[in-house]
Amino acid sequence: MINTVKINDNISLSYIPMEKLKTTTIGMYIHRPLKREEASKNAILPHILKNGCKKCKNATEIAQYLDNLYGAKFSAGISKKGEDHMICFDFETISDKYAANGENLVSEVVDFMLAVVFDTLDEFDETTFEVERVNSINKIKSIINDKRIYANYRCQEEMCRGDAFEVPRLGYVEDMEKLTKEELHSYYEEVVRGSMIDIFICGDADVEALACQIKEKVRGIEFTDAKMPLSNIIKRNREVNKVTEKLNVTQGKLCIGFLTDTGFSDSDYFSMVVANSVFGDGAQSKLFNNVREKLSLAYYAGSMLDSYKGFLMVNAGIEFENFTKAYDEILVQLDEMKKGNITDEEFEASKGFLINSYTASYDDQSALISFHLGGRIRGINHSIEDCINSIKNVKKEDVVKVMQKVHLDTVYFLEGLGE
């Protein structure tokens, strides 16, 4: 059972007990609204902060500090969940009871995490800033190297034109190039004082003692009003947006974007989750077994549901000449679902696939944190057991009904340059 303690108006500490593993996982997540003017700063900031603070002034000192904590792990990055652009810091350490000399390892990691975020250096190191800026620019440019990821990225971009979600997770090259370390440091001051911040601890820990530790650390900081970024699902009807792009590729990438008109707060949300599983999420799905296996029209074919923005995306790797056949067959399988042509085997296997996915989270501390963090972003308080029960209660007719709302919005095809 998750236990949440309010540190102050901006910061919450959530503890998820889990003693079956010998580790404790800790995360801090700073919530920012997804928008063009902040995206590039958000993307580079965690990598700058990861390189030094007043407690450990550089990467060498940080590495030594973590080594002294039995090799505690530390990573930083940026995440995009709907219109929530999260600056993320994640840690893993062995639990205190397994420390050879009785050290308070979790407390030490929390202390370091708070120093990284709240006790940064008075100014960012010029060399570190330039290195991380180049790294950030290279990450943006390298998206095109994985054509499957690139095609999915481009389809989402085309589908979400005019919506906040079109802003890319990693920001923009041109904005990175203009950014200065002084501007970023000023922005950092704004972020840590004026953002909603979630701290999650999953494992074996004394949450009351850690809450006191965190409260003491942030006591002297003047925080400003902050709100959790809210996401709205995309709702519209328009002519299908068809985009074809040519690159030097040997395999076509077909991405089809559908709008579901269904969000996580809707009563039929879990019906849509099951519907997506039947349609294309997993080896039991219609897309996998028909488009890929039976008809051999794709090297891979599957779908994913974005519950924050309410769209369903189909991805398929195909031969260029199979575009029409693969595209038509994907729509045929969608139509089959709308007609109610779902076998008992498909339906039960899809529900089982989802239930197994939820159940597996009980053995994964990072997955548990991700699940409950998603609940915080959505503003809901479901447990994993709640989700499993909701999946179990979905009937076949519920899936057929919810699929009636699904409509085609965007078709993106990445093809070769040709002769």
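## Lining of the second largest pocket

The lining of the second largest pocket divides into 8 nonpolar, 4 polar and 2 charged residues, where Ala, Val, Leu, Ile, Met, Phe, Trp, Tyr, Cys and Pro count as nonpolar, Asp, Glu, Lys and Arg as charged, and the others, Gly among them, as polar. The model is a predicted one, in which local features need pLDDT of at least 70 and side-chain atom pairs count only at pLDDT 80 or more, while totals for chains, interfaces and linings use all residues. Residues are numbered from 1 along each chain as its sequence is written, and side-chain values use heavy atoms, with hydrogens and water left out.

Of the 14 lining residues, M1, I2, I16, Y362 and H372 lie nearest the centre of the pocket, and at least two lining residues come from each of β2 (11-17), α13 (365-378) and α14 (384-393). Helices (H or I, at least four residues) and strands (E, at least two) are DSSP runs, numbered from the N terminus. A pocket is an open set of points on a 1 Å grid over the protein atoms alone, where a 1.4 Å probe fits, with protein on both sides within 12 Å along at least five of seven lines, and lining residues have an atom within 4 Å of a point.

## The open sheet

β2 also belongs to an open sheet of 6 strands with mixed pairing, in the order β1-β2-β6-β3-β5-β4. The strands β1 (3-6) and β4 (73-81) stand at the edges with a single partner each, so one side of each is left without a neighbour in the sheet. Two strands pair if DSSP finds at least two bridges between them.

β1 and β2 run antiparallel and are joined by 4 bridges, with S12 in β2 as the bridge partner of K6. β3 and β5 pair in the antiparallel sense over 11 bridges, and H31 stands opposite M86 in β5. β4 and β5, also antiparallel, are joined by 9 bridges, and in their hairpin, which has 2 residues between the strands, G82 takes a positive phi near 60 degrees.

## Burial and helices on the sheet

β5 is largely enclosed by the rest of the structure, because 8 of its 11 residues are buried, that is, under 20% relative accessible area with a 1.4 Å probe, protein chains only.

Helix α3 (residues 105-118) lies across β2, β3 (23-33), β4, β5 (84-94) and β6 (196-203). α13 packs on the sheet as well, touching β2, β3, β4, β5 and β6, where contact means heavy atoms within 4.5 Å.

Technical notes: Axes are lines fitted to C-alpha atoms, for helices over the stretch in contact, and angles run from 0 to 180 degrees between N-to-C directions. Buried means under 20% relative accessible area, exposed over 50%, partly exposed in between (1.4 Å probe, protein chains only).
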